[in-house]
Structure formats: structure tokens, C-alpha cells
Amino acid sequence: MDKKVKLMQGNEACVEGAIAAGMRFFAGYPITPSTEIAEISAQKLPRVGGKFIQMEDEIASMAAIIGASLTGLKSMTATSGPGFSLKQENIGYASIAEVPCVIVNVQRGGPSTGLPTSPAQGDVMQARWGTHGDHPIIALTPSSVRETFDLTIRSFNLSEKYRVPVILLLDEVIAHMREKIEIPNEDDIEIINREKPENDIGEYRPYETKGERLVPPMASYGEGYRFHVTGLIHDETGFPSNSPIVAEKLIKRLIDKIEVNKEDIISFEEYNLDDAEIAIVAFGSTARSAKSAIDMARDMGIKAGLFRPITIWPIADEEIDELSKKVKTIIVVEMNLGQYVYEVERIAGKNCNVIGFGRANGELITPDEILDKIKEV
Amino acid sequence: MVSGLIEKYFRYNRLPHIWCPGCGHGIILRSIVKAIDELGYNKDEICVVSGIGCSSRAPGYLDFNTLHTTHGRALAFATGIKMANPNLKVIVITGDGDCAAIGGNHLIHAARRNIDITTIVFNNNIYGMTGGQYSPTTPKGEKGTTAPYGNIDKNFDLCELAKAAGATYVGRATAYHAKLITELVKSGIQNKGFSFIETVSVCPTYYGRKNKKGDAVNMMKFLKDNAINIKAAKSSDAERLNGKFLIGEFYKSIEPEYTDEYNKIINIFQKER
């Protein structure tokens, strides 16, 4: 089969990636600037035997994808700031009940209704800590249309592999920007499916893990296992418990299953960092401006480079620590008034100077502005 | 010796249940299980979903596919389950606060879609698990811990609400009328569409005590003396109906079911291939 070359926007690439990854259920609610993801899912899913539903609200959409995932379908929802806030309740449910699902958040200006049609990166912390309690989460953020395709697939793969909700953080620019992308052949795409139990019926304990693998195999409703799922603290049988010992064991495993697998989960891009004295940390559309600024700086003889987190949660702490030992200054550029910079400062602050450069007025940060900041340093 | 129903359908090692002495929920749950037994379904094809509250603990005791979700959201989770596998018989067990307050939006939209889910509300007119706050079905003037001077909210008629929203099977029974619960649940599960069954329960611990309704026996007697079957009501004069409430099968109609309609869309493209 020939490779397919297409011109498409980020939101469309997201749906293409999701279907390639095996998405067969989408539940959503209209919201700018993510609506195209719902529209295109509605159009494409029945063609591959999948299902789409427009729910009555954002909370219900999140609930429906959890229900569908527990019944065996790879599931996704998409939203933007105000809707992302509403989904947090059931994102927490997916975390504790370990239900694989993908939540796309096309970031727009906030808080509240904010700037519906303008880009932002103000949900970095909400992606990590939006739902209450200590919980595992993975968040990925692409910088191009092609990468949106790839990372949507990766979001599904990670969610299936670790039984965790994965948040794909786009921003309005990446979502609506059109680029030429080459869609890879089906055979060249790695697909990971959740591990299924091999127990006899009656011997399946839905939250029992084996050996060093901290992720329990997952049955689906209707397969004969007749298991129980709850958002309460539960033991290996899936039934609720008030025991501090059970609570400690569960929460620790939920956190550890991400923590010990960080090497597999974390991805990033390094650009011109080998001899850099100034490192920019930037992600999403902002990283594109940063790259241009770095090229301009290099032309002027300034040794600047880019560290671009692709997995933004969990944070690439070891890599940022290493980076901070090599450079004099790290500038964190983000379309908010300072969120990721605090994390970078926590890791790198002891070794080098860490500066934040951000904005939250709905306008992109331009290469010239980043260059000025580099020169200032 | 335990009853055959408990042995066959309950997760025996999860008992005893958390419900207070005198609570009506146990009678209702048994009546539901009896309906499932009489229909002869395989346990693997039943999925019971609940939200949060006293009633919502029920699925944990049942040996089916079971899901205990977030407050009010049971129907939204159930919608995803039913869409993903339309062969499952999906039953939602919910309470008056869970289904009509925080979950009210999900209720009317699930009913509107006529998705094949049977919703059974355990209506005890109060938030029991949090200690007796007034709910959307607490009658006007009655007391709760958050209505110390009497509730000024008008209460919902849940069956009228469900019917108006599009449910294609609607009925009401009480914890006293256990056989009627079984009948309604059987018809509700067999209805290919959204079925809504209100079961009036009793909460002697909070609602009863706050409102001086007497003990559990008195509260059950109230249900016996004040519920009139809709069939009997038709031939009764106004005086006899005064202050009474109706039970029985209120409404049924045959309308296109949601997952069937969606499958028709999928089939268009399967034919194309």
C-alpha cells in the first residue's frame, strides 16, 4: 500500500491517530476549539464499526467512555478548558479504577470561559492535579500535526499498557493548524492492547498483580468474569475497604506503576543542546517559536538549544537535572503565567539559573520575543 | 438456611449489607433479583450500575457484572456500557438524590434517547448516607437536617418526570408491595427501551425519625394504607383517592431504541464493504 499524504489540521490528525490506535468509542460534548474531534469521530467511527455519542454534558462524556472501556472498547473524549474542569471528577474515577481511556484537551485561554478561540497552555497543572487526591496520570503534548497523529496512538498505547487515563494536551494552534502529513502504513504502527486475564472464571481477582508487573490484567464486562468496579478504595478483589493498609497499598501501587516505568513513558526532543549555554524548555506550539528563536540566536553566535518535553507528565526529571548541570541558564517558555517553570525550577534550580517567560493573553509567543529574552540573558 | 435467591445471585461473602435495621432497600433488592431469576437470564449478561448513596451499594452484593460509579453519573456510565455491548441487560440502581438531583440531567437525557437501560430508583425521600438532608423527593413541609424548619422546595414526581422525558416504560411500587416490584422490573427489563421504575422505600433512621413517622413497621403500614394501584384508582371516587399515591404500571409504549438506531448507521457502511 502506498503511503497516504494528506493536508489536515491537528484535530483531524488526532481522530486519524485514534482510529489507527483502535479507538471504537467516542463520547463528547461540543466545545471550541476541540469540536472538530467530535465531528470527525461522528463521521468516521461508524464506518469502522465503532460508536459515537454526543452526551448531555462533559461529565457524562467522561463517564460514558469509562463505561465503554470497561466493556472492552478503546475509548476517547475531547474537550477544552471549561469542559476539562468538568471531566476531572471522572478522570479521578478512571485513575483509581484503572480504566484505560484518552482525554484530549485542546487548551484555550482561561480561566472560566476565557478566550474560547485563542491558544493557551494554561492547563499544564490541571492536567497533573486537576482531580482530587493523589493519583497517577500521563500527559503528552505534540508540536505538530504529524506528531498529534503519533501521540494520539501513543496515548492509547500507554493507557492500555498502564491502565491509566492519558491526557493529550493540544493547544488551539496545533489543533487548527493545517500541515501536510504522511500517514504511516497500518503495519508500521505499533499497537498495544490491555493485558487480558488468563484465570479461570471464579479465580479472577480484578486488581491482583503478578510479580514486578504493577498493572493488573483487565477483563471486560460480559466476558463471564462478573467482577466489581468502584471508585472507593478497594482491595485486590475490587470490593471496598476502609483499611489504611489496603488504602496505602493501592495508592502506592497506582503511583508506582507510573514512577517505575518512567523510562518507558517519558519522551522528549533535544535540539542543539550539545554545546548549549542557554536551554529553552518549551512544548506544544510554543516549542516551534522557540526553535526559530534558537536558530536566530545561533546565527548570532549565541549557544542556545531546546529541550522539548513530549511527555509533560510525569516530568523528565532526570534529563532536566542532567541538562541543568551543563547549561548556565534555562528559560521555560509557556503560554501561561508560570506553571511548568516551577517544576523545572524544583529540579534544576540548584544547578543553574531558571527563568520563566510566559503570557496568557491569547496571543502566541513569537520567535523574536524569545530571542529578545535569550539576548537579555 | 439462606434463601435460594441469595445463594444463586448474591455475593454471599459480601453480606451482611450496610443498610440500617428497618430500611426498605433489602426488600426492593430481593424483589429485583427475583425478577431476574424469573426471566431466566444468565448472570453473565446482566450488568448492574449504580451511583452514590445507600441504594447504590446494592450492586456490590450482587453476582453480576457490577459498577459502582460517581454521584449521579450511573446512567452516563451505563450508556457507555450499553453502547459498547448492546447484548448486555443493563440495570441502573439509584436513589432519589443520586438520580433526581445531581444526576437529573443524565436521567432526562437517557430517557429521551430511549436507550435500553432499566433504571430502578430506591426512593426513601432523603439523603440517607450523609445523614438525613432533604432531597428532591422530600415532600414540601417535611424536615431534614438541612431543612430544620421544614422543606420549602416542591418535590418531584419522578414517574411523571421520566415519562415526560421520553421513558417508554414507567411504573411505581413500594417496599410493601414487593410482588409488584418484581412484576414491574420484569416488564421493564423486557421493554426494549428506557424503563423507569420508582420503588418507594422507607428510611426509619433519618426520614422517619426527623418527621416523627414512627418505626419501620409504622412506615411500612403507611405505604400499605396510602398506595392505590392505578387500576383500582380508575374506579375509585375522589374522596377515596384524597391524600393517596398511585402505584402500578403507569405507561408503556413501543418506540425505536437507541443502540438499534445506531447499529442501523453502522450497517449502512458494512453493506458498502
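How many of the six residues in strand 2 (residues 23–28) of chain A are buried?

Modeller: Happy to. This is a predicted model, in which local features need pLDDT of at least 70 and side-chain atom pairs count only at pLDDT 80 or more, while totals for chains, interfaces and linings use all residues. Residues are numbered from 1 along each chain as its sequence is written, with chains lettered from A and ligands numbered from 1 in the order in which they are written.

Your strand is mostly covered, with five of its six residues buried. Buried means that 20 or more other C-beta atoms lie within 10 Å of a residue's own, with 12 or fewer for exposed, partly exposed in between, and C-beta atoms placed from the backbone. Strands here are DSSP E runs of at least two residues and helices are H or I runs of at least four, numbered from the N terminus.

Now for its neighbours, where pairing requires at least two DSSP bridges between strands. Strand 2 of chain A runs parallel to strand 4 (residues 74–79) of chain A, with three bridges between them, and Phe26(A) has Met76(A) as its bridge partner there. Strand 3 (residues 51–54) of chain A is also parallel to strand 2 of chain A, joined by four bridges; in strand 3, Phe52(A) stands opposite Phe26(A). Between strands 2 and 3 of chain A the path goes through helix 2 (residues 35–44) of chain A, a right-handed β-α-β crossover. Right-handed means that, with the strands pointing away from the viewer, the path from the first strand over the helix to the second runs clockwise.

Chain A also takes part in a sheet with chain B. Strand 10 (residues 228–230) of chain A pairs in the parallel sense with strand 2 of chain B over three bridges, and His228(A) has Thr66(B) as its bridge partner. The open sheet has nine strands with mixed pairing, in the order 10(A)-2(B)-1(B)-3(B)-4(B)-8(B)-7(B)-10(B)-9(B). At its edges are strand 10 of chain A and strand 9 (227–229) of chain B, each pairing on one side only.
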